[in-house]
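User: I'd like to learn how to read a predicted model of a protein with DNA. Could you walk me through it, one feature at a time?

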Number of protein chains: 2
Amino acid sequence: MSPTIKDVAKMSGVSMSTVSRVLNSPASVTEEKRIKVEKAIKQLKYHPNALARGLIYKRTQSVGVLLPDVANAYVAEVIRGMEDASINHGSNLILCNTDRNKERMIKYLKLLREKQVDGLVYTSDPLTEEIFREFDELNIPVVLSSTQSLEYAYPSVKVDDEKAGYDGTSYLIDKGHKHVAMISGPTTDPIAGYPRYTGYKQAMKERLGVADVDDLTEFGNFQYDTGYDAMSRLYRKNKNITAVFAVSDEMALGVISFLSDQGLSVPGDISVLGFDNTRIARMSIPKLTTVGQPMYDIGYKSMEKLEALLQKKELSEVRTYLPHKIIERESVREI
Amino acid sequence: MSPTIKDVAKMSGVSMSTVSRVLNSPASVTEEKRIKVEKAIKQLKYHPNALARGLIYKRTQSVGVLLPDVANAYVAEVIRGMEDASINHGSNLILCNTDRNKERMIKYLKLLREKQVDGLVYTSDPLTEEIFREFDELNIPVVLSSTQSLEYAYPSVKVDDEKAGYDGTSYLIDKGHKHVAMISGPTTDPIAGYPRYTGYKQAMKERLGVADVDDLTEFGNFQYDTGYDAMSRLYRKNKNITAVFAVSDEMALGVISFLSDQGLSVPGDISVLGFDNTRIARMSIPKLTTVGQPMYDIGYKSMEKLEALLQKKELSEVRTYLPHKIIERESVREI
DNA sequence: GTGAAAGCGCTAACAA
DNA sequence: TTGTTAGCGCTTTCAC
């Protein structure tokens, strides 16, 4: 059995409270005893039991992280930022892959609640009313990372997706493209779908005067295959396109792949712009020009917000928008 | 405040022990009381406190996962498998990105120990003596995932890297290649470096009769850039190469990229074989033929082993080797 | 079958 | 400054 505070007390000839004091407020103990206690701690290899502590403090230094899937490159990078922030605060992350599966999520929420996590961060997926209600029952701080809610008051940190959609499109227009297509996410997705699409449409209208984009848009679900398929549909219905803006790097790679299968060159024949700037963006041929998101920072900042909440600090802002940035590589050319 | 077992007892007019019984062995309570208690639980939205439980059971249903970096595609996939296994067992994963940084690791180990995690899984990095000693102090089951130790008796699950190196090389030879190069990991890496390299050398000798591979090998650290650079060195010193076996998909993409920069075609001029079968392997042009590892299964199986250990079950085997498999795509051709 | 009481390892009054 | 004691929320003897 591991030694307890009692063992340390016995060995050093003081009371448990004194041991507890050298652990928590060493200054309040005479040097003589403190040294004795410290020696005993070392000798016994004593380590405090966080369960017992948590029971009293009502703080566990653990936070739950709900995410769709760690194996997703985007998400993994966000987590990385969270990790770094949390270790700075002495907390741990409990990983919960929801798989967008409701039962799995409920199961996790139950576990997290029983384990008395201090807070929760919910990543990358829209917050439905149902999920909100589950969260609300937990009665702990929640922050949204790489997603947000306009209906509920949870703090969030993400990029401004609409502006990113606008800026990406504008970038292509600035390069001289007049027939700019978009491969969007589902318009039912209020985070990475609709807003980026809206930004695209706005830029098309404002900058190019084109209001009807039906011939220029297709939809996918952010994954490679759907990018490939969407491009194939797009190509069938419109041969004038000179640039396509895919709202995920994976879809952009799918686009490039389709184009390559058609014997078309990127960016020679068609320019391709991605979104995210995940690691794969610099490994493709041609290297992908993309609307980069500060994934790591999004994660880091989310966790900092959560910590602030846990310390009952006033949040300077509820909804934080981190800047996106166009990363120029080789898949877009000027025409 | 959350309701406690005491509140439930009061509301249902029974003792705390009875409530505890309906929670843990419902059969030992009369139906009448059981129903009353269950009703109170529902009404109060009572949820047991795992800290209090853990204090008694000395089991927390949490396991620590030490890994180099979640943002690494290979690692993320392994984690995914662990997650799925652990949720089946009702446990949670505490994520620890070590960054291969000793201090960070020590800090995590301290946190994990204080939180009384039931076990540990250590992923993807060689187990040094120093790390072993740290683990050993913890006095909890440890399993190695995607790594192993011949010196210490920790159970492990991974592929047979030497055989994989041999098989990958053989595959290339079977395709008619006589000048097969390898871009290896560091030979000081006893997991993903040395063994694969050894397998390669063995195949070269047995199948092709070539014992001196100095002109055919270069080294990288599994990342994209080092694959690019290693290929550039290789190309400078040997123009006869018709196939290169890079021991990570990322490095293989780096190789393809370098070749493309030289105006060389893959697999037209040079065939390229990767290792791992991470998601990027099917997104490249050409799609990467690779020695696939069952990453998900490695993670899943590791966690199952850990659970078995926690249940004091005898392990049927200490070191498990899961089969690798060559995934044929488009980057290797027959000559 | 059920309840009272002790105790898991710790901290926080409260006295001294 | 220090020790004694109660108690965090739960399970588990041990009587009844």
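User: Which element gives the largest share of the surface near DNA strand D?

Analyst: The general idea is to list the residues around the strand and then group them by element. A residue counts as near when its C-beta atom lies within 6 Å. Here 24 residues surround DNA strand D, and B:Thr4, B:Ile5, B:Ser17, B:Ser20 and B:Ala52 are the closest. Two or more residues each come from helix H2 (16-24) and helix H4 (50-57) of chain A, and from helix H2 (16-24) and helix H4 (50-57) of chain B. H2(B) has the largest share, with five residues. By class, this surface holds twelve nonpolar, ten polar and two charged residues.

User: Now the protein chains. How many residues of chain B are in contact with chain A?

Analyst: For an interface, count the residues on each side, then ask which elements supply them. In this model, 39 residues of chain B are in contact with 39 residues of chain A. On the chain B side, H4, helix H5 (73-88), strand E2 (92-97), helix H6 (102-114) and helix H11 (249-261) each give two or more residues. H5(B) gives the most, with seven. That side divides into 21 nonpolar, nine polar and nine charged residues.

User: In which sense do strand E2 of chain A and E2(B) pair, parallel or antiparallel?

Analyst: To read a pairing, look at its sense, its bridges and the residues that face each other. E2 of chain A (residues 92-97) pairs with E2(B) in the antiparallel sense over three bridges, and A:Leu93 stands opposite B:Leu95. Within chain A, E1(A) and E2(A) pair in the parallel sense over six bridges. There, A:Val63 stands opposite A:Leu93.

User: Why is strand E1 of chain A said to be largely enclosed?

Analyst: Burial is judged residue by residue. Six of the six residues of E1 (residues 62-67) of chain A are buried, so the strand is largely enclosed by the rest of the structure. Both of its faces are covered, with A:Ser62, A:Gly64 and A:Leu66 buried on one side and A:Val63, A:Val65 and A:Leu67 buried on the other.

User: Which residues of the largest nonpolar core touch the most other members?

Analyst: Of its 174 residues, these are A:Val65, A:Val244, B:Val65 and B:Val244. Beyond its neighbours within four places in sequence, A:Val244 is in contact with A:Ala181, A:Ile183, A:Met231, A:Val255, A:Ile270 and A:Val272.

User: Finally, what domains does the assignment give for chain A?

Analyst: The assignment gives domain 1 (5-57), domain 2 (62-159 + 295-323) and domain 3 (161-293). The centres of domain 2 and domain 3 of chain A, taken over C-alpha atoms, are 29 Å apart. Their contact takes nine residues from domain 2 and ten residues from domain 3.

Technical notes. Residues are numbered from 1 along each chain as its sequence is written. Chains are lettered from A and ligands numbered from 1 in the order in which they are written. This is a predicted model: local features need pLDDT of at least 70, side-chain atom pairs count only at pLDDT 80 or more; totals for chains, interfaces and linings use all residues. Helices (H or I, at least four residues) and strands (E, at least two) are DSSP runs, numbered from the N terminus. Ala, Val, Leu, Ile, Met, Phe, Trp, Tyr, Cys and Pro count as nonpolar, Asp, Glu, Lys and Arg as charged, and the others, Gly among them, as polar. A nonpolar core is a set of buried Ala, Val, Leu, Ile, Met, Phe, Trp, Tyr and Cys residues joined through C-beta atoms within 7 Å. A residue is buried if 20 or more other C-beta atoms lie within 10 Å of its own, exposed if 12 or fewer, and partly exposed in between; C-beta atoms are placed from the backbone. Two residues are in contact if their C-beta atoms, placed from the backbone, lie within 7 Å. Two strands pair if DSSP finds at least two bridges between them. Domain bounds come from an automatic or database domain assignment.
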